[in-house]
Amino acid sequence: MDTISTFARRVGLTPSALRFYDDCGVLRPARVDPGSGYRYYSSEQERDAALLRTLREAEFPLADVPSVLTGPASQARDALTAHAHRLRDRAEAAHTAVRAALRLVSGERHVEVTIGGAELASAIRQVHPAAARHGTVAALGCVRIECSPEAVRLAATDRYRLAVRDLVPQAVVGTPAHVLVPVAPLVEAAGWAVRHPVVRLVAGDEGLRLLAGEARAADDVVDLPVCDDDYPDYRAVLDALGDARSRVVTDRTALYDALSAADGTVVVTTGRDTLHVGDVVVPAVCSEPIRLAFDPAVLAPVVAAGVGPDVLLEITAPDRPVVVRSADQGSFTTLVMPVRATGESD
């Protein structure tokens, strides 16, 4: 038997630490003298003492130490593996915070946002149809991605329609930033994002990078090209909408099918409980009578991009954008301009 001082030197702990571990019930001495109260340790305890020292150096929780010292090997492995994951996550969070601090000190515009991969993929799918596919204005062929502590917003417009989707981030580090990403590579990135439970968006003056989870392999990182052009002030359009004069709720699939079957400009009118899309009648709930004309090539993709069984149309005036929403999802909004019906004059 060794005294507490001798045993402490042998295993690399201090006598006070051994007393503390005894009081906690983590490492009891082999014997305690009933008269003097002196603690004595056996050579068989050296392995547990050395392991305990190592665990504490690794910041292993004291409450979990017994599961490693006295539990089965499988239980010890599980506890150590879980702790290693916690340490890695903590180190990555600290590293991210330091990088953000360095950028703030240097004056760079930068934000790192954590968000669900499937959520990001869904938002890209919903918004990108509103971007221009042709034309000379490069910015209109992009999706604007805005990152802030409150939301991640994706917006796209070709001046005939405008799509906006807001996502709630899981975590945000840095200052607000925005980038313009061309549609084609962004749509390709959506297929990548949906395969990962969590995606980090790193946006700033240097561009946009997507990282999957811990990003340990080359295919866990996607660098997206960005456009430096000015983007239309879409927020002014949203702010100027005014209150809806009429609302229509109808089946999304039925409306999409009717628009897809239309040949050229289609006139949309409402009855008491029906929506007439050209010659096709679709069941609907209508608040006020309306008569509008649309280009089905513009409106149909907007309807298709929605989620849920129903679609909501909010009409302010015949010459104002019509708001198209999923009836049960307010975070996705699209604006579509009506057109002049065939034969109508100014």
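## How α9 and α10 cross

Helix α9 crosses helix α10 in a left-handed way; a crossing is left-handed if the near helix is turned anticlockwise from the far one by less than a right angle, and right-handed if clockwise. The residues on the α9 side of the contact are Arg-252, Leu-255, Tyr-256 and Leu-259, while α10 brings Pro-296, Leu-299, Ala-300, Val-303 and Ala-304. Contact here means heavy atoms within 4.5 Å. By type, this contact has 8 nonpolar residues, no polar ones and 1 charged. For that sorting, Ala, Val, Leu, Ile, Met, Phe, Trp, Tyr, Cys and Pro count as nonpolar, Asp, Glu, Lys and Arg as charged, and the others, Gly among them, as polar.

Helix α9 covers residues 252-261 and α10 covers residues 296-304; they pack at an angle of about 155°, and their axes are 9 Å apart. Axes are lines fitted to C-alpha atoms, for helices over the stretch in contact, and angles run from 0 to 180 degrees between N-to-C directions. The two helices are therefore roughly antiparallel. Angles over 145 degrees count as roughly antiparallel, under 35 as roughly parallel, 65 to 115 as roughly perpendicular and the rest as oblique.

## About the model

This is a predicted model, in which local features need pLDDT of at least 70 and side-chain atom pairs count only at pLDDT 80 or more, whereas totals for chains, interfaces and linings use all residues. Residues are numbered from 1 along each chain as its sequence is written, and side-chain values use heavy atoms, with hydrogens and water left out.

Helices (H or I, at least four residues) and strands (E, at least two) are DSSP runs, numbered from the N terminus.

Now look at α6 (residues 117-127) and α7 (residues 183-193), whose axes come within 8 Å and cross at roughly 150°. That makes α6 roughly antiparallel to α7. The crossing of α6 past α7 is left-handed.

Which residues meet here? From α6 come Gly-117, Ala-118, Leu-120, Ala-121 and Ile-124, and from α7 come Leu-186, Val-187, Ala-190 and Ala-193. This contact is made up of 8 nonpolar residues, 1 polar and no charged.

## Two strand residues

Is Thr-270 buried or exposed? Thr-270 sits in strand β14, residues 266-270, and is buried, with a relative accessible area of 15%. Buried means under 20% relative accessible area, exposed over 50%, and partly exposed in between (1.4 Å probe, protein chains only). A polar atom of the Thr-270 side chain lies 3.0 Å from the backbone nitrogen of Ile-290, and one lies 3.5 Å from the backbone oxygen of Glu-288. Leaving aside neighbours within four places in sequence, the contacts of Thr-270 include Val-248, Leu-275, Cys-286 and Pro-289.

Val-281 belongs to strand β16, residues 280-286. With a relative accessible area of 48%, Val-281 is partly exposed. Setting aside neighbours within four places in sequence, Val-281 touches Thr-274, Leu-275 and His-276. Val-281 and Arg-209 are 72 residues apart in sequence, and their C-alpha atoms are 47 Å apart in space.

## Positive phi in two loops

Glu-59 is not a glycine, yet has a positive phi of about 60°. You can find Glu-59 in the loop between α3 (46-57) and α4 (65-69).

Arg-159, also a residue other than glycine, has a positive phi near 80°. Arg-159 lies in the loop between β6 (152-157) and β7 (161-167), and counts as exposed at 57% relative accessibility.

Notes
Polar contact = N/O pair within 3.5 Å; in protein donor to acceptor, adjacent residues only side chain to side chain.
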